[in-house]
Amino acid sequence: MKNKNKAQNFSPSKLLLSHLVCGIGLASSFWVADNLIDYPVQTLCLLWLVQAPVVILVYSFFRIYKNQSSYLKAVARGLLGLPVGALVNALGAIALGAPVGSRYILRTLHWSLLMSAFTFAPAASVYGSSWVDWHRIFANTKLIESIDYMICIPAYGAVIGAWFGAWPMPLDWERTWQEWPMCVTYGAIIGYLVGLLASFSFVVHVSRHRVKGD
């Protein structure tokens, strides 16, 4: 446990830098990409192709048990977690009413990979197969160290944002942006970015509280 705690104690400045890299990577890919409404498949593909490597490479620096796990191993865990998380996100979206059909297969695939980059890939890079940490973070939301905040809050932000983004889909407005998964993607991206800001605020608050306690 001692090695684990040392691996998770990072300064707010390092966490801010990591969040900036992830946020800039997402913003730049979204700016370069074609219009999401007109070219949803191509845009979603570019988004996750840029965001997933950025997230995995950044979060692998914050892996637990650094003495037992190399940086490359953490990267490999993140790459493995990406398709696993995509499967979970895809099944969850379909269970909640996402359309199924040949027209939507690629849309759902690329959207799920993007959502996995927001949710599963960071946790896989940091925690690996540590079920205790996965359960503590996502099931119990028991956040202890700064790394917990920077993984959990953006992930929940993306999921909640996607859920709110889905609200306009069933409305009879007959707008192109209401189709799956355009508005859901916009909601997920906004929620993820808000989660990045919120998690950094929590990290600063917790760090100040610990300094005063010491």
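**Close-up views of a predicted helical chain**

View 1. Ala74 counts as buried, with 0% relative accessibility (buried means under 20% relative accessible area, exposed over 50%, partly exposed in between, with a 1.4 Å probe and protein chains only). This is a predicted model in which local features need pLDDT of at least 70 and side-chain atom pairs count only at pLDDT 80 or more, while totals for chains, interfaces and linings use all residues. Residues are numbered from 1 along each chain as its sequence is written, and side-chain values use heavy atoms, with hydrogens and water left out. Ala74 lies in helix H4, residues 71–95. Apart from neighbours within four places in sequence, Ala74 is in contact with Ser60, Arg63, Ser69 and Ser125 (contact means heavy atoms within 4.5 Å).

**View 2. Ala74 and Ser199.** These residues are 125 apart along the chain, and 22 Å separates their C-alpha atoms.

**View 3. The helices of the chain.** The chain holds 9 helices and 0 strands (DSSP runs numbered from the N terminus: helices are H or I of at least four residues, strands E of at least two). The radius of gyration is 17 Å, close to the 17 Å from the globule rule for 214 residues, so the chain is as compact as a globular protein of that length (taken over C-alpha atoms; the rule is 2.2 Å times the number of residues to the power 0.38).

View 4. Of the 214 residues, 48% count as buried. Among contacts with a separation of 6 or more, 71% come from residues 24 or more positions apart.
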